[in-house]
Amino acid sequence: MGACLSSDETRRRSRAIDRQIAIERREVAKGSTMPTLLLLGPGDSGKTTCLRQFILQHSKGFSHEDRIGFVPAIRLNVVRAFAMIAEAITVLNLVYENADSKVRVLVRYAASIGIFQNLQNVIGALSRRLCQFYWSDKTVQGVLQYANEFNITDNCTFFFEKLEAVFDDRYEPTDQDILCMRTPTEHVSEHRFLLAGAPLRIFDVGGQRNVRARWISYFTDATLILFVASLSAYDQKLEEDGLTNRMHEALFLFETIINNPLLADKSVMLFLNKIDLFREKVARSPIARYFPDFTGKADPVKGNTYFANKFRRLNKYGEKRKVYVQNTCALDPKMMAKTLYIVTDVVRRFNLQAIGFGF
Ligand SMILES: Nc1nc2c(ncn2[C@@H]2O[C@H](COP(=O)(O)OP(=O)(O)O)[C@@H](O)[C@H]2O)c(=O)[nH]1
Ligand SMILES: [Mg+2]
């Protein structure tokens, strides 16, 4: 009986995905003459952050309403990171420096009731004062060295350092806050830009395993694939299964994309993102522990080259298939301005070609 129900459920979900893909295909077809950039890569690699940089640099940026709309998600980032820290402290059997169990209980409560189901309650329960008290605990701060093992969000310290502002009633997130927050992309989002008068649209399709089925429906109309992989993922495990090494997953995904015949005539850019976190962690988290054939010890430049070559070697088309590889820190506006210029150049060439000037 149970098996029957679950297969019904599987069929129902599969039909729902098919319907969604059909709708999305029609939407894609509507604007098929416009150059289209498709953001691909595993979850948490920085795709949406790159898109947000694009919005900041190539459109009007974020309105007051947009910013206020981000507030619950930013507070959820804080609560979620504290819940993960509480979990790590329990698993590692560490002792809190502050003996105030009330705070610990509240944070455990946040973890146990399921932070996604009852967001308002949790945020109400974890007032600014309690968060600040929790963050001041040396054990809490110390546990961040194990962030990779417990999937503790990358930029949580940035928000922990400004709890006063984040929990203020008049809080309006800054550009940097919006770049540092994490909101997993569950639905496809389409964004249109005008670059020197020429249109460009970007699709952010999400990277988690459960949303990748829809990627293929966007392949035909893509002009440029921007694959984003996190360099700092070499010592992390996937959120989806808690087992697979994230860098292995990124390499596997890139291989399927770069060698896909449907994408053979598309331009591909590879952003090796989170270079800032990578440089900072290589000394304390040896690459060879996760990739035993790496011999460069704690040298971030050698590590960077090692991973860039690993990605490059996956391209079975060789010289026929040019891939632009770029180190990026998606939080850094200056670095991204230079990098995004390459994107705009590809778009410019596409537009020239469309009006009869080949290249
Ligand atoms: N330190 C740092 N954090 C980054 C960088 N790029 C993205 N992030 C953070 O990584 C998290 C996930 O980014 P997001 O763009 O949502 O990933 P996506 O799932 O690929 O769309 C967010 O908290 C971002 O602020 C980077 O280059 N450096
Ligand atoms: Mg995203």
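Let me start at ligand 1 and Asn 273: a nitrogen atom of the ligand sits 2.9 Å from an N or O atom in the Asn 273 side chain. Keep in mind that this is a predicted model. Taken alone, ligand 1 would expose 580 Å², and the protein buries 99% of that.

Two further polar contacts to ligand 1 are on my list. An oxygen atom of the ligand lies 2.7 Å from an N or O atom in the side chain of Lys 47. With Leu 179 the contact goes to the backbone: a polar backbone atom there is 2.6 Å from an oxygen atom of ligand 1. There are 20 residues around the ligand, and those that come nearest are Asp 44, Lys 47, Thr 49, Leu 179 and Asp 276.

Next, the aromatic residues. The structure holds 18 aromatic pairs. One of them is Phe 291 with Tyr 306, an edge-to-face pair with 6.2 Å between the ring centres and 75 degrees between the planes. What does this pair tie together? Phe 291 is in the loop between α13 (275-281) and α14 (300-312), while Tyr 306 is in helix α14 itself, so the contact links parts that are 15 residues apart in sequence. Both Phe 291 and Tyr 306 are buried.

That pair belongs to one aromatic cluster, formed by Tyr 234, Phe 278, Tyr 290, Phe 291, Phe 294, Tyr 306 and Phe 307. Tyr 234 also has a charged neighbour: Lys 281 lies over the face of its ring, at 5.6 Å from the ring centre.

Now the cysteines. How many disulfides does the structure hold? The count is 0. Take Cys 180 as an example. Cys 180 counts as buried because its relative accessibility is 6%, under the 20% cut-off. Cys 131 is buried as well, at 1% relative accessibility.

Last item, Glu 149. This residue lies in helix α8, which covers residues 147-150. Is Glu 149 buried or exposed? Its relative accessible area is 53%, and exposed means over 50%, so Glu 149 counts as exposed. Glu 149 and Gly 242 are 93 residues apart in sequence, yet their C-alpha atoms are 9.1 Å apart in space.

To go back to where I began: the protein buries 99% of the area that ligand 1 exposes when taken alone, and Asn 273 supplies one of the side-chain contacts.

Methods:
Residues are numbered from 1 along each chain as its sequence is written. Chains are lettered from A and ligands numbered from 1 in the order in which they are written. This is a predicted model: local features need pLDDT of at least 70, side-chain atom pairs count only at pLDDT 80 or more; totals for chains, interfaces and linings use all residues. Side-chain values use heavy atoms; hydrogens and water are left out. Rings of Phe, Tyr and Trp (its six-membered ring) pair if their centres lie within 6.5 Å; planes under 30 degrees apart count as stacked, over 60 as edge-to-face and the rest as tilted. Helices (H or I, at least four residues) and strands (E, at least two) are DSSP runs, numbered from the N terminus. Buried means under 20% relative accessible area, exposed over 50%, partly exposed in between (1.4 Å probe, protein chains only). A charge sits over a ring if NZ of Lys or CZ of Arg is within 6 Å of the ring centre and within 35 degrees of the ring normal. A residue is near a molecule or strand if one of its heavy atoms lies within 4 Å of it. A polar contact is a pair of N or O atoms within 3.5 Å; within protein, one must be able to donate a hydrogen and the other to accept it, and residues adjacent in sequence count only if both atoms are side-chain atoms. Accessible areas come from the Shrake-Rupley method with a 1.4 Å probe; for residues, only the protein chains shown count as cover. A disulfide is a pair of cysteine sulfur atoms within 2.5 Å.
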